[in-house]
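Subject: Handover of a structure and notes on it

Dear colleague,

Please find below the structure that I am handing over to you. I would be grateful if you kept it open while reading the notes that come after it.

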Amino acid sequence: MSSKKRLVGVVPLGEVPEIALKVIAAHISGYLNLSVQILPPLEHPEYALDEKRFQYNAGIILKAFESKRFKDYDKVIGVLNLDLFIPIFTHVFGEAKQGGKFALVSLFRLRKNPDGSPSPSSLTYERAAKVALHELGHLFNLLHCREKNCLMHFSGGIQDLDETPIYLCRYCSTFLKDRLFRQSDNEESLKKLDKIPLNLLSSKERFRQ
Amino acid sequence: MDEKMSIMVVDDEEIVRESLSQWFKKYDHVVETSSSGFEALDKLEKYPFQLLFVDIKMPGMDGIELLEKVKTEYPDSMVVIITAYGSIESAVKAMKIGASDYLLKPFKPDQLSLVMERISHQKRLLLEHDYLKGRLEKISRFDNIIGQSPAMEDIFNLIPEVAQSDSSILLIGETGTGKELVAKAIHAKSRRSHLPFIAINCGALPDTLLESELFGHQKGVFTGATQARKGFLEVVSGGTLFLDEIGEISPKMQIDLLRVLEEKKITSIGSREPVDVDFRLISATSQDLGKGITDGSFREDFFYRINVIMIDIPPLKKRKEDIPLLIQHFLEKYGHETTKKVDRVTRDAMELLKRYDWPGNVRELENAVERAVVLSQSRTLGIKDFAFLRSSPAPLSRPLSLQEVEKQHIQQILEEYDWNVTQASKALEINRVTLHKKIKRFNLERRP
């Protein structure tokens, strides 16, 4: 790990299960072959609480990220156990600015199944990993994809999220590979990127094992 | 959501504008934002947004008022209304006015996705509808002949009637009124429509060449006749022959054509063998043939032969109510050809175009619109885009002096720059003081 370039930081905001952070980091590292580091937790984002909605404003948290010291990281993903929203939507599972540096993933609504029953932890963390990879895709400028069998397809609800695969379609994987290639200034990672099979259908199976 | 759209988000709250535009950018849509209805209308004037997301509650002009204006002035733009819980009545009102859909704030992310899918579907249906409408119009009307004035309606009614017979038709009208289009429409509606339509401009060919073109020639009958060639009267075989500017042909050619019309036979130059011909003759002229008959340059018997049915096509200045329709047609035509999104003309410019006399008729109007579209930087054509019309030189009865030319040129440039002396002096490459002196010396004033 130490020989790799520190590219992506995963940072908890408030209390977040360590296992969730590890699952997210492992997926980013395993699927995208990027260096990942889990960072010390940041304070609970009380400043972003909307008292009328009892939810946390994702836009405000992302803005606050900009003043933090994350200069060693190309991208930073904040993980929370809180209910996130952006003003137009009732809620969001995650949020990222297209082509930006910071993204958020909320575990809050991932713990329940579409019928309201609690979901097993393994499924919750699988969902969190999907949301993290999806938002990371936006940070690398990937758009929402019309292909349903693609991680970048928009998921409006838990059921959609469960039906969304954890891999990218051919078009998005080519695009992401190109983005990663362009953003990398490290000879070694350039060589490695060339070998990444981003569109491995088997990666779905690999995740489930 | 299949295809990329141009979307404008209109909301006085920055956070809403930002959130929605970020969301649309994730679908690769082109997104613009406006903080008020006035700003939105300004932007619509310059660029045709396909879809607007409009908040109902806004200071100044509210969402309903903006929706009404958009639906009146830009009916092709679709509008989705965003409203808060508790203002359902406004949402219902918006739907009645013509909103495509509405969303209650805050909405679930998948609701926005559903709305976008419905919009996409509506857009596809509208495109299909426009395409089919266009096809239908082409079938039922007369391609490219545009008009809704009583005079043009009479012509539209006349075309299918006269198309059924084989009688010769004489089209009378000033240059640029669309005589050839009417001739083509008659041919298209006739039983000869599957056979050739051949148009010859008699005024453009010298007599000997016209004779050779019409009657054909044998090999070697004159210098350059290296091989035998069939004339158009024979080639047209069963179709329609359109002779434009028939008033220009010589008396000898009039006799030759008269004989052909009576005998339905031709003999090519250098041959003695007559050949049977079958065609329908449509002639056209912008001259007064009656005067030609009086002064002896046009044969009376030939006139009656070609003038079994006469259709008088009015000049554009006598059917000014057709001008907006024609402009819209040419905007679509050249917008398509140049791929520029120019689809509107300001009221002032429309008034100017209606006031103008159009000596070159529809052809001149078409050229004016084409020129304005090509040079325009905006989606809307204004008076400045048609400034060249006001400077069209009038026919001269005597040569102008150098001073008169200078005076006219300065006046024209001043009008073009809306009497902005600084800009006009730059265009004329003289300093402002000199320009002021010249304005005073020539007694120049702003034209009404």
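Predicted model: local features only at pLDDT ≥ 70, side-chain atom pairs only at ≥ 80, totals over all residues.

Chain A

The secondary structure of chain A consists of seven helices and eight strands. The chain has 209 residues, of which 43% are buried. Among the contacts in chain A with a separation of 6 or more, 65% are between residues 24 or more positions apart.

The nonpolar cores

The largest nonpolar core holds 99 residues. Its members that touch the most other members are I24(A), I28(A), V79(A), A128(A) and I81(B). If neighbours within four places in sequence are left aside, I28(A) is in contact with V8(A), L34(A), V36(A), A132(A), L133(A) and L136(A). Another core, of 35 residues, lies apart from the largest one; M152(B), I155(B), F242(B) and L281(B) are among its residues.

The contact between the chains

How many residues does the contact take from chain B and from chain A? Chain B gives 18 residues and chain A gives 18 residues. On the side of chain B that touches chain A, helix 1 (14–25) and helix 5 (109–140) of chain B each supply at least two residues. The largest share of that side, six residues, belongs to helix 1 of chain B. By type, the residues of this side of chain B are eight nonpolar, three polar and seven charged.

Helix 2 of chain B and its surroundings

Helix 2 of chain B covers residues 37–46, and its buried residues are G37(B), A40(B) and L44(B). Why do these buried residues line one face of the helix? Seen down the axis of helix 2 of chain B, they fall within an arc of 55°, and therefore they line one face. The face turned away from the buried side carries the exposed residues D42(B) and K46(B). The buried residues of helix 2 are covered by elements of chain B that include strand 1 (6–10), strand 2 (30–34), strand 3 (51–55) and helix 3 (63–73).

Strand 3 of chain B also runs parallel to strand 4 of chain B, and five bridges join the two. Within this pair, L52(B) stands opposite V79(B) of strand 4. Strand 4 of chain B (residues 78–84) is mostly covered, as six of its seven residues are buried.

The five-stranded sheet of chain B

Further along chain B, five strands form an open sheet with parallel pairing, in the order 7-10-13-6-14. Which strands are the edge strands? They are strand 7 (197–201) and strand 14 (309–312) of chain B, each of which pairs on one side only. Neighbouring strands of the sheet are turned against each other by 20° on average, direction ignored. Strand 7 of chain B is joined by five bridges to strand 10 (residues 240–244) of chain B, and these two strands run parallel. In this pairing, N201(B) stands opposite D244(B) of strand 10.

A residue in helix 14 of chain B

The last item is R355(B), which lies in helix 14 (residues 347–355) of chain B. Is R355(B) buried or exposed? R355(B) is exposed, because it has 11 other C-beta atoms within 10 Å, and a residue with 12 or fewer counts as exposed. In sequence, R355(B) and K320(B) are 35 residues apart, while in space they are 8.4 Å apart, C-alpha to C-alpha.

Yours sincerely,
A colleague

Technical notes. Residues numbered from 1 in each chain as written. Chains lettered and ligands numbered in written order. Pairing = 2+ DSSP bridges. Helix = DSSP H or I, 4+ residues; strand = E, 2+ residues; numbered from the N terminus. Axes fitted to C-alpha atoms, helices over the stretch in contact; angles between N-to-C directions. Buried ≥ 20, exposed ≤ 12 C-beta atoms within 10 Å, placed from the backbone. Arc of directions from axis to C-beta. Contact = placed C-beta atoms within 7 Å. Core = buried A, V, L, I, M, F, W, Y, C linked by C-beta atoms within 7 Å. Nonpolar A, V, L, I, M, F, W, Y, C, P; charged D, E, K, R; others polar.
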